[in-house]
Amino acid sequence: IFSAAADGQVVSEDVELSSDRSKSWLRLEAEPVDNDLVLTLTDISSLMRRQLAAERKANSDYLTGILSRHGFEQAAQRVVESDAGGLVLFIDLNGFKQVNDQFGHSVGDRLLQIVSGRLVDTCRSQDLVGRFGGDEFVVLAAGLTPDTEQNLVDRVTDTLSEAYELDDQRVTCSASIGRARFPEHGETL
């Protein structure tokens, strides 16, 4: 930053500072003035916190808290481009409309929240779990062996086939699960 400013350029760079308990950000601006260099430090921590919160909100599903379709697509694209190889599961709940029709939308919303929680609990912490829309969910798991891949598919299938307790109602709602490997079945998301 200093060498570029010394060459006559106005330079600005944001720097993240972190400790065990908090993060803060400073904007460093360097500007040449005659034969001197003026350095300005500005605390932009509140701006960055608001920006990060807005990004989290934009990338999270409002109902379930997991990745939204947009957030999933952004994160998944980075994984697919990393050449790690992996598995994508596309999950569609069977009979979800009947749950909404019979018990009401608040029960249907609760079912979606429980499904997302089960998926997060079933998958590894590094796996991506998102809600594509409506009653559709998606999982991306990179770096699996054939055995661990099948194990993940079995765990997801088993956990989603368990009955759901919703407002004193015991509801069953199975799922159809499509599965594709990358890059074997496609090189793009």
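1. How do the residues of the lining of the largest pocket divide into nonpolar, polar and charged? The model is a predicted one, and in it nine of these residues are nonpolar, three are polar and one is charged. The space in this pocket comes to about 180 Å³. The lining has 13 residues, and those closest to the centre of the pocket are Val88, Ala180, Phe182, Thr188 and Leu189.

2. As for where the lining comes from, α3 (69–81), β4 and β9 (175–182) each give at least two residues to the largest pocket. Strand β9 has the largest share, with three residues.

3. Most peptide bonds are trans. The bond from phenylalanine 182 to proline 183 is cis, with omega near 10°. Proline 183 itself sits in the segment after β9.

4. Helix α5 runs over residues 105–122, which makes 18 residues. From its first C-alpha to its last it reaches 25 Å, close to the 26 Å expected at 1.5 Å a residue. Its buried residues are Val107, Gly108, Leu111, Leu112, Ile114, Val115, Ser116, Arg118, Leu119 and Thr122.

5. What do the buried residues of α5 pack against? Their partners are the strands β4 (86–93), β5 (128–133), β6 (136–142) and β7 (164–166), together with the helices α4 (96–103) and α6 (146–161).

6. The largest nonpolar core has 28 residues. Inside this core, the residues with the most contacts are Ile91, Leu111, Val115, Leu119, Phe137, Val156 and Tyr164. At least two core residues come from each of β4, α4, α5, β6, α6 and β7, and α5 has the largest share, with six. There is also a second, separate core of nine residues, including Ala75, Ala76, Phe132 and Phe182.

7. Serine 116 belongs to helix α5. Why does serine 116 count as buried? Its relative accessibility is 2%, and the cut-off for buried is under 20%. Beyond its neighbours within four places in sequence, serine 116 is in contact with Thr64, Ile66 and Phe137.

8. Asparagine 100 is a residue of helix α4. It counts as buried because its relative accessibility is 14%. Setting aside neighbours within four places in sequence, asparagine 100 is in contact with His105 and Gly108. Asparagine 100 and alanine 141 are 41 residues apart in sequence, and their C-alpha atoms are 30 Å apart in space.

9. Is glutamate 16 buried, exposed or partly exposed? This residue of strand β1 (residues 11–18) is partly exposed, because its relative accessible area is 44%. Glutamate 16 touches Lys23, Ser24 and Trp25, not counting residues up to four places away in sequence. Between glutamate 16 and methionine 48, which are 32 residues apart along the chain, the C-alpha separation is 9.6 Å.

Key: Residues numbered from 1 in each chain as written. Predicted model: local features only at pLDDT ≥ 70, side-chain atom pairs only at ≥ 80, totals over all residues. Heavy atoms only, no water. Helix = DSSP H or I, 4+ residues; strand = E, 2+ residues; numbered from the N terminus. Expected span 1.5 Å × (residues − 1). Buried < 20%, exposed > 50% of the residue type's maximum accessible area, 1.4 Å probe, protein only. Contact = heavy atoms within 4.5 Å. 1 Å grid on protein atoms, 1.4 Å probe; cavity = no way out; pocket = protein on both sides within 12 Å on 5 of 7 lines; lining within 4 Å. Points joined across faces, edges and corners; volume = space filled by probe spheres on them. Nonpolar A, V, L, I, M, F, W, Y, C, P; charged D, E, K, R; others polar. Core = buried A, V, L, I, M, F, W, Y, C linked by side-chain atoms within 4.5 Å.
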